[in-house]
Structures are given as C-alpha cells and as structure tokens.
Amino acid sequence: MATYQEFFLQNEERDGVRFTWNMWPSSRLETTRLVVPLGCLFTPLKERLDLPAINYEPVLCTRDSCRAILNPFCSVDYRAKIWICNFCLQRNNFPPQYAGISEQLTPAELSPQFTTIEYTLIRVPISPAIFLFVVDTCMDEDDLTALKESLQMALSLLPTDALVGLITFGRMVHVHELNCENMARSYVFRGTKDLTTKQVQDMLGLAKHQPSARSVPTNPNVPPQSNAFYSKFIQPVSVCDMSLTDLLGELRPDPWPVLQAKRSLRSTGAALSVATGLLEALYPNTGARLMLFIAGPCTQGPGMIIDEELKHTIRSHHDIEIDNAKYMKKAIRFYENIASRASINGHVIDLYSAALDQTGLHEMKYCTNYTGGHMVMSDSFNTSLFKQTFQKVFAKDNKNDYRMNFGATLEVKCSREVKVCGAIGSCVSLAQRASNVSETELGIGGTNAWKISGIYPNSTLSLFFEIINQQQEATQSVPTDQRGYVQFITHYQHLSGYKKLRVTTISRNLLDATTHLPAIAASFDQECASVSMARIAVFRADTEEGSDVLRWLDKMLIRLCQKFAVYEKDNPGSFQLTDTFTLYPQFMYHLRRSQLLQVFNNSPDESAFYRHYLLGEDLTQCLVMIQPILYAYSFNGPPEPVLLDSSSILPDRILLMDTFYHILIYHGETIAQWIKAGYQDLPEYENFKQLLQAPVGDASEILQNRFPMPRYVVTEAGGSQARFLLYKVNPSQTHTNCVWGQAVGAPILTDDVNLQTFMEHLKKLAVSTST
Amino acid sequence: MLAGPPPTYISPTLPSTMPTSSPPTYTNQFQPPIMPPHFQPSYPPPSSQTSMATNGINRPPIQYPYLNSGLLPPSSQSDASSPMANPNSQIYGSQSSFPNYQPSPNNQPTMYPPNVHPNPIRPPSVHYPNYPGQPLPTGSVQPQLPQARIDTDSLPSVIQILEQSQEKIQAPFVTSTPGALPPLAGTNFVCQDQGSCNPRLMRSTTYTIPNTADMIKQSHIPIALSISPLANLRTDELEPPLTNFGDIGPVRCQRCKAYMCSFMQFIDGGKRFVCCFCEATTDVVNEYFNHLDHTGRRTDCYQRPELCLGSYEVAATKQYCKDEKWPEPPAFIFMIDVSYNSVRSGLVDYICHILKTDLLDYLPKDKNAETSTVRVGFATFDKQVHFYNIRDSLGQPQMMVVSDLEEIFVPLLDGFLCSPQTSRGVINSLLDQIPKTFVNSQETETVLAPAIDAGIQALKGANCGGKIYVFSTTLPIAVAPGKLSNRDDKKLLGTEKESTLLSPVNNIYTKLGEECAQNGCAVDLFVFPNAYYDLATIGEVCRVSGGEIYKFNFFSIENDGERLLDELRRNFQRTIGFDALMRVRTSTGIRPIDFLGNFYMTNATEMVFGAIDADKSVSVELKHDDKLSTDSNTYIQVALLYTSISGQRRLRILTLALTVTSAYTSFYPACDLDTIMNFTTKVAVRSVLNSTPKSIRSSITTQAAHMLACYRKNCAQGSAAGQLILPDTLKLLPVYSSSLVKCDALTGTVTLNTDDRSWLMHRLMSMDVKGTSAYLYPRIYPLHTLEEDHVTPSMIRCSYDRLSDAGAYVIENGLVMYIWLGSQLDPTFVQYVFGLQAASQIQPEKCRVAQFDNPLSKNVRGLLNMIRDERNSHMKLFVIQQRDSMEPFFKNYLVEDKSLTRGASYIDFVYELHREIRNILQ
C-alpha cells in the first residue's frame, strides 16, 4: 500500500476530495474526541482531462428518500440486472437501456477509476450565460477609460451567444436600453431609494412585456425560453455589440459636482438592487453574472457604507470593535439580502474594487461569498493588476472551455453511519433537510445541499461530517469491513449552456477508535486539517471577536497534541509528535499570525478580501495563504524552498515569497549592492544576470496561473516594501535575542513570539495535567 | 376660443342658408353710429403695421413732435398745457363755476338730455333725467319717460370719451407735478418721466389721496395701485435707465429702507438726506456725496437717474442674490406631452418642428446683448418622464427615463440645460427624434406634477431661474403625485356652489407653484385639451409662480398652429424678470394692505414672482393708518428685485407722488376710472372662490352706486333729486360696471366651460389697466370700410344695433377676436380677405385672413396685427356670419346689449343704478 501522502494526492487528483481523517471512528463520541472535526475539502469541478463524455441520464436509486446515483461502490448482480445501492441497500433494477451489461461490458459509471464521473444532461434546454455589467462612474477620466477598455475587451472575449446588459451608476442609477436607434436611452433610478423587485420591474416596464411568463405557474427549474424574447436591456453580444460599444464610448465620469471635502455620491447599493431585480425579473434560475465595478464606497441610499463627508473616515477594525461603525450593520443586512436573492436564482455577483481607500468590501463580501463571485481589490482600474485579473475571468482551459460555470447545486448523500454537519465556502444553504442532516451544525448547516452560483474548476468547499452510533449488532460485529460512503452530486450550468451533473462517490473505512486509534492517527491529513481549521476559524471570526477565535484555535491545538502526541505527563521534554502531526502546529502558528485572523494593520476590506479567497480556493492555495512559500536563489546551489524564518534572509540570496496575495522578490543586501554596481550588465557576469532572472521567471509563472493577480513586489534588503517579507517570516531572530554581526539571517524588529517559543509553550501546556 | 363651442357642434353648411331664408329686418333702420369725422391722430395707416409687428413694436409711433431729452428734461415742459396736467386749479375753477350751466363747446350738446347741466370748462358731472319706476320724494315735475324713449346715444359712450381724451392729448404727459391725472389707459399718449414714474408702469385709482380713511369709506372708491413693473414702454419713451452704485449698492433710507428717489431731500450741504417716506435722515456715504447748489439740489441731480426720474434700475450687489451667489443666466425647459392624444393631434411633431426651425433662433436676450445666454432643456412625459442629455460633445442625444414618480428627480445635470448655440446639432437631432420615438405611443394616461417638479429641480440644480414650458393635452390621471380626476359638473356653474368647481381640489399644484416662486422659475402652461382638464387645480402652479396659461381647445395644427407659434414667439420676446421680489413702500400714514395678482407671498409685504413679464400686472390696495397731512404729498415706491434675462441681478425702482386732500371735490376729479375698474375686477374675480355670483354682482352694483351717491351728496348737492349725476372722471362707471357684472369671468354662462372660466379668471388676475378696460368694453372696428381708408377706422359701440348688415366688423377684448360678417356684405369682401368664393364656405375656426395682394386684405391684416400687437397676444379668431349658429357667442361681447342670460343692458343697468343711488341718498 502506498503511503498516506500518496493516497491523499491520488484522491485529490481523482475525486477532488481530501479528508481530515481517512479512517473514520465508528462512534459519534470517538469522532468528537478527534479534536479536528471529520471533514473534507471538496473541489466539485476538479479539472479532469480523462473524464469520458457521457450524454445520458444517470441511474438513480429508486428509494425516494435516497435517490443516490449508481456508482462503482454499488454491488451489481449482472445476471439479474440488479444493483444494490451502497447508501440505503435498496435493490434496484437497471433501466431497460442497460440490458446489455455484463462483467465485461460495464458502463463507465461502474468502472472503479470513475468514482468521479460527469453527465451532460442534453435534454435540458440550453440557456446562454448572462453578463450584466454594473459600472460605477464616480471616478476620474483615466480610470474610467481604462475600465471601458477592459469592458470592451470582455465583450470580445465572451461567447457570441452570451447575453449582456449594462447598468451604470453614480449619483443616479442608469439602466441602459440596448440597440436604441438614433438616441441612447436609459432608465434612471434615484440612488437613495431602495426599491423592491416589483417596483424595479414596474418602472422598467418589464411586467408588461412578460405576461405569459408570469401567468404560467413558475417552475424554478425551467428557465424561460431562451430564444423567444430578448428584453431591451439584456441582449446577445452578437446583436448589441455595436450599441454597447457606443454606450461605453459615451460613458463619462458622473457629472454631478463633488463639493470640497466631500465624497462623490455613489449609489452602489441602489444599483445592485436594481441589477438584481432586473435579473430576477428576466432570468430567474438561469446562470447570470453580475459584474460590479466600484471605485469607492457607497455613499448614499441603501447599502451606504459611509456618508458624503470626507471628515468622517471609513470604519476600521477598531471602529467595529468599539461599535463605532454607524452604517455597517444596516449595510451588511442590505448586501446580505441582495446576495441571498441573487444566489437563490443562481446569479453570481462579482466585486471589482479599485480604490486606494476602502470601498466597503467588508459589508459587500456577502455578495461574493454567497454567490461564488470574484472579489478583486486593486488601487485603480488603470493598473495591470486589475486589467490582467479581469482578463483571466474570461480565461479558457486547454479544452477551450470557459473556466466559469453557473448555478451549481451540491447535494451530499451519505451512508447510514454518516451525517452532514455543514459546509464552509462560497455557497448558500438550500435548506434541504434530509435524513442525513446532522443536528450539530458546523458552518452552513441544517441542509445536505448547497447552492454555488458561481463555480470554477478550483472552487473548493469544506464539508463536515458526523458519525452516528451504529445499531448494537453493528458494533458487535467485526468492524473491519465496515465502510462509510459519501456521494457528492453537483448539478451545474456550463457556460456553453449545457446542464451538467458530476457525481463523486468516495468511501472510507470505519474503525473502532477505542482499539484502532493509532491507525486513525496515521490517517490524519494535516494539510487538510490545517485548511479546515483555518476555514472554521475564519468562519467564526465573522461573528466572534478575533481573540476568542485565536483562543479557540489554541485550545484545539493543545487538545489535539494532548490526544495524539507521545509524552510523559508534566514533562515537556518528553513531548514527541508522530509523523502525521509534525507540520500541524507550525501551520497553526502561521495561521495565528496571518492576515486571515490578525486584523492589525489591515482594513476591514482587506480582511474581507483575504478571507474570501480562503473560503474558495483549493487546498494547496489555501495552504499558501496560511503559510507562504519561500524560495531562495543563490550561487550556492539550485533554487530551493527554505524555511519561512528570519534566518533564511541572507545577504547573498534572492528570495521569492508567495503569499497567494503577493509575490515578492527580495534581493539580499549583497545582491542589491551588486545590482547597484551594475554587474548584471557586464558580459562577464552573465551568471549574475541569470541568477537575477531566475526568480523573475518563476514569479511570472505563478502570476500566469493565479487568480486574482497577486500584487507583484520587487524589493531589496532595507527597502520599504521588504516589510511584506519581514512580517511573514518566523522571527527567530529579533532585536532582543540577536547580537549584531553574529547571527545568520536578519533580525526582525518585533515583539511577536517566534515559532520556537510557541512550540515550547505548546509542549508545556500539552503535557500539563492541569489543562 | 372663449365662447367657441367645440368644433363638433358646428355644421359648416348650416349658416350659409340663414341669410337667404330670413331676410334682415333692420336693413335700413340703423346707420352705423359713425362719429363726426374726427381727426384720427393715433394710428398710422395700417399698411405699415406688418413691418412694425415684426420689429416687436406694439404701439404705433406718435405724431407729436417730441424729443425725449433723456435725463435732463427741460423744465419748461413741466408746465405743458395738457388738459389733465394740473387738475388742482381746474377743479377749483370748475367748482366755482359749477352753478353756471353753460353749454360746453367741447361737448356735443346732443349727447345730453335737455336737463343736463354741462359745465362750461370742464363739467364735473353729467346729470341725467329721473327714470321711471322711481319713487319721487320731492314730487318732482320731471316727466316719466318710458324706457324705450331713452336714446342710448344719450348715455356716456366709451368710444366718445376715448376719442375726446385722445384729441386733448397734444403734448407728452409730464410727471413732474404730483397728483397729475394721467391720460386714460386706452389712449395713445407719450409720457415724460420727470419725477414720478410712467403711468404704464404704475397707475393709481386716485392721484389725490383723501387724508382720512373715512373719506374712502364714504366714497367707496378704493385706494389702490395697479403696477406693471416691467411694462413695455413706447420706443420714444425713456426706458428706466440702468445705473450702478458700485460696491456701496443701492442708496437707501436707513430706517424704512426706501431707495433713493427724486423726492428725497438732501440737507447739511449734501451730507445727509431726509427720506420722503418716513422722514428719517440718513448719512450720505462718501462715495455718494455731492455738493448742493443754491436751491438745495445736488449738483449732479441730472447726471444721476435716481435723483431726477420716477423709474430707474440699479445693478444689485451680491447681498441681493440668493445665498449671496450671482445667479446663472436663466434657462427655458420644454416639457412636452408625448401621450397618444398629443402625438395623434400632431402636437408633438409641430412643437418639435417650430422649436427647431424657428423658436430656438429667437431666444430672448438683454437689450444690447449680442447673443442670448438662455440655456434650454427638453423633457417629455406620458406616464413616465423622459429627460434628454443634449451636451454638445455627444454625437446623439441621450434619453433618460424616470419612472420613479413618487419622488421625481432629474437624472442628469450637465447635459440637461445647454446653450442652443453650442448644442444645436444635438438639439436638432433630438427634436427630429422625439416625434419618431413616440410615433406609436399608445399611452393615454399622463402625469403632470412630477414633470413640473423635475423641471424645478433641474433649474434649482443649475442655480438659475427660468421658465418651464409645459405642453399638456390631458388631465393627469396616471398614478403619481398630482393625480386628478374628472370632477366637472357644468350644472354647478353660475350657482352658489360654483366655487367648489373653480377652487383647486388639492394643494399639490399650489405647493409646486410656491416651490417655483421660491426657486425663481415660472411655469407657462400650454394646454390642448379635448375634455375637462381641471385648470382650476393645475392652473394654481401658474398662478403662484407668475406664469401664464395658454389654452387651445381641440388643437389642430391647421386651426391653431400659427397661433401657437405666434404666442410662443411673443412669450419669448417680451421683457421678463426672474426670481423677482416686489415690495411697495409708502409714506407714513398709509400702507399696502391687500395684494392681488398672480404671485406668491411668504409674508404680508413682499410679493414673490418666479417670473414676471411685461404683460403682468398686480394690484395693491392701500389703507390709512393715520390721518394724512394735506400740506405734504404722499409717496409710493415700488422696488422690484429681479434677475434679468442675461442673468444680471437688478432692482427696478418706481416712485409715484400723490397729493393729499380733505375735500371730495378735489378727490373725485383725481380719480382714474380705468384703474378703479381694474382693481374692482380683480377683487370680484378673486371673490368667486369664496362668495356667490349673486352677492358679487350686487356688491359691484352697490359699490358703483355708493361712489356716485357720495359724489352727489358731497359735490353736487344743488342738483335735482331725480337726476343721475356722474362725475366727469367716473362717467363710464355705469357702462363698465354693467359689463363687469355680466362678464363671462364672473357669470359663467352656458357658453363657457369650467376650464375656460378658470382660464379667464387666471388671465384677469394678472391683467393690466389697459387690458381690463378692453375686456370690459370690447373694441369693434368696421372692416368693410378699410378698402379706401388707410387710417384706422373709428371704433363702434358694443351694440348689435350699431352693426350694419352690409358690413364686416372685428371685435376683440384682448382674449378673443371675432370677425362678424353681415348678411348683406358684398361677396367680394370674402374673396378679397379670405380667398373664398362665397361666405357659405366659411368655417368659423378654420378661416384664416390669408395674404392676398389687394388693399383690403392688406389693411385687414394690418388692423388685426395692430390689435394683436397692442394686446401682445395672438387671440383666437372666429369668423362668423350674421345669424349663424355661433352668432350668440359673438353677441355675448356686445356689452351694451342685454346679454344672453340674465345680464341687463346698459340702459337697464343705469336705471337700476339710479334706483340704488336714490335709495342710498334717502
């Protein structure tokens, strides 16, 4: 058998699933005693190049309460043409079209390598994707021009059958009519007014045009006939390309005067409300992407973040703590409501924020977090950071498919022993209270199905499970062959318009923890556990005080160590962690220090931005967020990963740090001096030039693949931007413990505890009998 | 249009049979009551009128050799021998000669019955016989004359008196003498400002004020002013010159804040001045100081208009501006109804067309200004309001639809109001697009209040005043603020309950008007209704803001297109001020107490106008606080603060000096009947809303009776009890009063619908003195004599008996115009004037006095243009034939006759009046 590490990777590769524990205790109590909850990181649409194209409908278990999908774990009686559901043990007949199956001729879904398989539901009508641009005009000419160029580019990148619409806003909200002849026409809304969907529809005259659609009892799963009628506001790119180009061309910065010491009046909230109402009216339950571009905070009307007065600064974490954020709670309620409305209909909201100050992402984060939208934060629309990030939204994979998908629902089926506690990620609950829903909630719970309006190949959810006690005879019987099954069923709308269905079925062994604890401990996936814990922490941080969350993390770490480490009581020196746990405390150390949990020096917007990506990215990327990766380049050898430690900062090294959000190249002191002296330009120092090039090449490779574009920083020892590196590394040398000239590396001017001290305390507390 | 029934009533073929089937019965009985051939000094040949009309001159040039001497009128002119220039001496003269009833050479003796005692020089009164049915307290031997025997010719005639007055005017009216009675408003005179202002700007009901309130109470003559602060003056009169005091701003009395005027007395070698209103002394600031000459007048007296003229303008300083910010030049907003009715009638198309091809090229500008600085904005509305961005940088206009009507707002700022010079391309394309965009509109419901509200906000946002031109066709019944419903009930008109119909149903439009007034803009409402429109409610916005209502019933381009265009042109071209504030200051002992007109008041003394133009007039009643001294004069000063069409903040100061008397004998001869009637009319119109028609009519009659009775009691005691005695200045009181009690604005006959009634009342409230006198006594000119005659024909009295069957006449009252064709009229007249083969082809509304190359056509058109220019209005013209179905509407304007409903004829009214006077005297 392969090592667990290989198993993890193989599982991740095949199914997009990584569990915190890969052997499951068979009782509920034992599960809770594992400290790190039983859960997994699941990437529903993990890119698989080898998936067969299946154009038929999946076979479902006939038991009404089950409806699981036929999978390789089902036992099949090929002669009787019967299969037994591995979830509910129901015996099912194969449908007539499976009459020809035999052991030699099995359908793909029964083949063991296809525990993950994708069906294309060709019978469901195609509906083209919808893009609604909601554009702020309160910005200067240059920024707006840059944004217009980006939007123009987006039009050229969209599939030609995609539907587009344009809403602009400043003090007022303009819903632009497309393809007006001779005279541009827009419907205008007051930015200070929160309108109901009905009002929006009435005012846009939408109710009148769709009497038939309204009178028919609405079936939420049937989208409106796609080719029957286009509203005047949303039309196919191929039809309205010229008109939209003209509209964008005429777009000017908001003409309303901005008085001195005032902010521009920006009606982001009203615009979002109108946009959501428009999509709701025209395209309920159809994939749609609402792209919101903002250059500042909403300053009036619903969703107001801050008032017009510049002397009132936008709320900081401190203000929030002392409850001094006047508009925050109301705004949060507003945006949360919008986000819920959008997510229910499968509409995605993207936030593209470009401003030096905060723009209210803290309040608006629900829009992206609930719908799986993108949150992009840049200084200006005129930066390559924004432009390239935006371009990547429309990037295609190597099969020439767009990487975005819409309106996904993820349903989880479990075998009897397993129940679902909840999910953490960019999703909302569908409130589907099935029998496998646990009473215990962790994350978004109380359901076994979630809606992920915007889903990408790398979208990853954390799902948490609970083991329930088996019936008496089950525990008495030999537990070794007992297995738990989980099936993930993901419905989604591909950008091509097709509805697809992906099924991932996994199984894990159940063990009696009282007797097989080491086996369970060996199945611990500390990377997955770190990310899961990080997500729980961030989820909690949204509602709890930061210090409480940290304390909770510490407590969990100590308890984990107490349970799984090898030590003598009250003897810290004897403390020893087994292989599968060694990295975990270090991850926790960096997690504690990361911007995900530390709000010091971060604005609420930045925190929201950082956390957003932790909730959506896959395991590897999340790990980078928790503990940045540091590579060293020097003449002493090939590039190598080095410890994220101040001792790694050496004068003759070039360091490349990837924190997910930032890519930083740091030239050691000597290197920097050489650069200043211009050695890289001399032909005899070609090797130095190559050394300088090496990290740049690697960095650009990361930049290529990362979404959103990280901030790219090149700095040197003593440079002001070096702070990005210095505050990330473990301060093993500080001004207190370092004698100048002796130490290797760079002392960090901080009072933070370093990893070593942290570990010592951990040992002490873990072995202590009193805790 | 007033009396015109809806066109559907008219059967074009019907009237043509009338003249033949019923031959005229009066053919030879009546001569047209032609006056002795007077010298007609007033009007030049009509042929020259057309060219003058286009020059915007609405008065013919005078024939008097008179040079306006600007700021330095020669003092010798002050004693000009105008018969009215020095009433005091004449009054005393006439009093002394009162018993000597010698026939006056000036008055036709035939005018009066034998027992009239004309005054040799200037009869203070005319005595009339005792009328039948009167109790004769003295057992008089006066013969009981049957009613039929009284000749209408013997009653005072408006036309005769106008002509007589006109004849007497030989020299300019000079205002240097306080208390001088100005010429009648209907006459053609020149005024020379030498201290008091031109009577065209301000007239008083009397130029000699009684010293006690009791005299007013006894006489029932109101002390009131009629002020038209921006009235058009003749080209040969001096426009109030614009002066500038620089940073010190207008010089004012420190106590009562009156502005510097020619009646202020400088003392202490010019260091201080004594206010003529409150008698406080104010230090003269150094910048304004000037030495006095030996007579105590400042040496720069004739260099500074405020020291020698009764009317001048002064540039305001920032303190006189809203928020101490200089205003932006005003803007015009055009709000066009684009609902089904409007599109179908061709209105949308036509308005866009005339705006594009004509009107935008003639936007108003200040005198001397090169180009107009007026910016324009466009909006359309049906159930929604559509705004248009016409910024010059745009390739094509942008339309913005606002359907949030609960809280209307203007969706754009920059591009809404643009200069037509710079944005002309975009505007032209917009005006082409609007009709196309809405050509298929099926929307029948409209909103109105939100549209107007949006216009106000747009102007407010642009920090400027201006005008909102609303073109509306239907009652706003769409769900929105200001939604109205059809509450018309014609049966109520004329009854005691009519005020409910004529009062606004809610205050939404009033509030809008107030907002307009406060933001320096006015709403001009052009309504094109095919049904009830509720002008009583909607008109409030015009009333309070100082705007005007134009009404085009059953609009069709063919019938009304030309009129609409001409009215808009006139509207654009007249002098106008925005964001205006007017205050009347008076000498101590008297103060303004009541204000009538179309404006808004936030306190008891200041009138606020969103806009005020040359055709608007207000009336102000004065009341005694105290007994006035007869030794000194009483002064009135009107200060109008406004923003000119070029955006300049200015003050116009009008000052008037009146004398004071304690004697009725000097009070009555100084009365101005035109102004009294103007005031009485406005009071009566205003009371329609809170009184009953019957009591209004009786109070008018009673008041007239009291005026005459008081005169009789105090000035003509010696006359026989049965005689009706009319003071010279009030000779026309009976005819005007008789007309007023039966005028359509007050009585609301069947011929007049509710909206027309409201419209009339609105127009009368802002009408100037000249306007009301024409309204109360319409002018009739014969047209059939125009062929030979190039001079303006003499007017004809308003009586059917005086029209010839073989004649054609035009009648106008300033609001409507009829051409009446007698049944025996020479058919060539119809050919020459209308280009029609026979009178039977005439359609009353469609008929146009087209351009034909013959002297008759030219002269008729010249005359009509002259009338229109004089009224500054393109009155609706009906062409009717004798005895056709529409003739009764025309007859309604013949005020000396018995009216269709209950109105008494002139004679009957005189009887009634006389009876009442006698009752009072008993």
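Student: How far is the sulfur of B:Cys743 from the closest cysteine sulfur?
Tutor: In this predicted model, the distance is 14 Å, to the sulfur of B:Cys798, which is too far for a bond.
Student: Is B:Cys743 buried or exposed?
Tutor: B:Cys743 counts as buried, at 7% relative accessibility.
Student: And B:Cys542, which cysteine sulfur is closest to that one?
Tutor: That of B:Cys516, but the two sulfurs are 8.5 Å apart, again too far for a bond. B:Cys542 is buried too, with a relative accessible area of 0%.
Student: How many disulfides over all chains, then?
Tutor: The count is 0, with the cut-off for a sulfur pair set at 2.5 Å.
Student: Switching to cavities. How many turn up in the whole structure?
Tutor: The search finds 18 of 30 Å³ or more.
Student: Where does the largest cavity lie?
Tutor: Between domain 2 (672-777 + 899-921) and domain 3 (778-894) of chain B, because both give residues to its lining.
Student: Which residues are nearest its centre?
Tutor: B:Asp615, B:Asp768, B:Lys770, B:Gly771 and B:Glu870, out of 33 lining residues. By class, the lining has 13 charged, 10 polar and 10 nonpolar residues. The largest share, 4 residues, comes from α21(B).
Student: What about the second largest cavity, which residues lie nearest its centre?
Tutor: A:His174, A:Arg252, A:Pro255, B:Gln398 and B:Met400, among 27 lining residues. Elements giving two or more residues to that lining include β10 (172-177) of chain A and β15 (398-402) of chain B. The volume is about 330 Å³.
Student: How does its lining divide by class?
Tutor: Into 12 nonpolar, 9 polar and 6 charged residues.

How values were computed: Residues are numbered from 1 along each chain as its sequence is written. Chains are lettered from A and ligands numbered from 1 in the order in which they are written. This is a predicted model: local features need pLDDT of at least 70, side-chain atom pairs count only at pLDDT 80 or more; totals for chains, interfaces and linings use all residues. Side-chain values use heavy atoms; hydrogens and water are left out. Buried means under 20% relative accessible area, exposed over 50%, partly exposed in between (1.4 Å probe, protein chains only). On a 1 Å grid over the protein atoms alone, a cavity is a set of points where a 1.4 Å probe fits but cannot get out, and a pocket is an open set with protein on both sides within 12 Å along at least five of seven lines; lining residues have an atom within 4 Å of a point. Grid points are joined across faces, edges and corners, and a volume is the space filled by probe spheres set on the points. Ala, Val, Leu, Ile, Met, Phe, Trp, Tyr, Cys and Pro count as nonpolar, Asp, Glu, Lys and Arg as charged, and the others, Gly among them, as polar. Domain bounds come from an automatic or database domain assignment.
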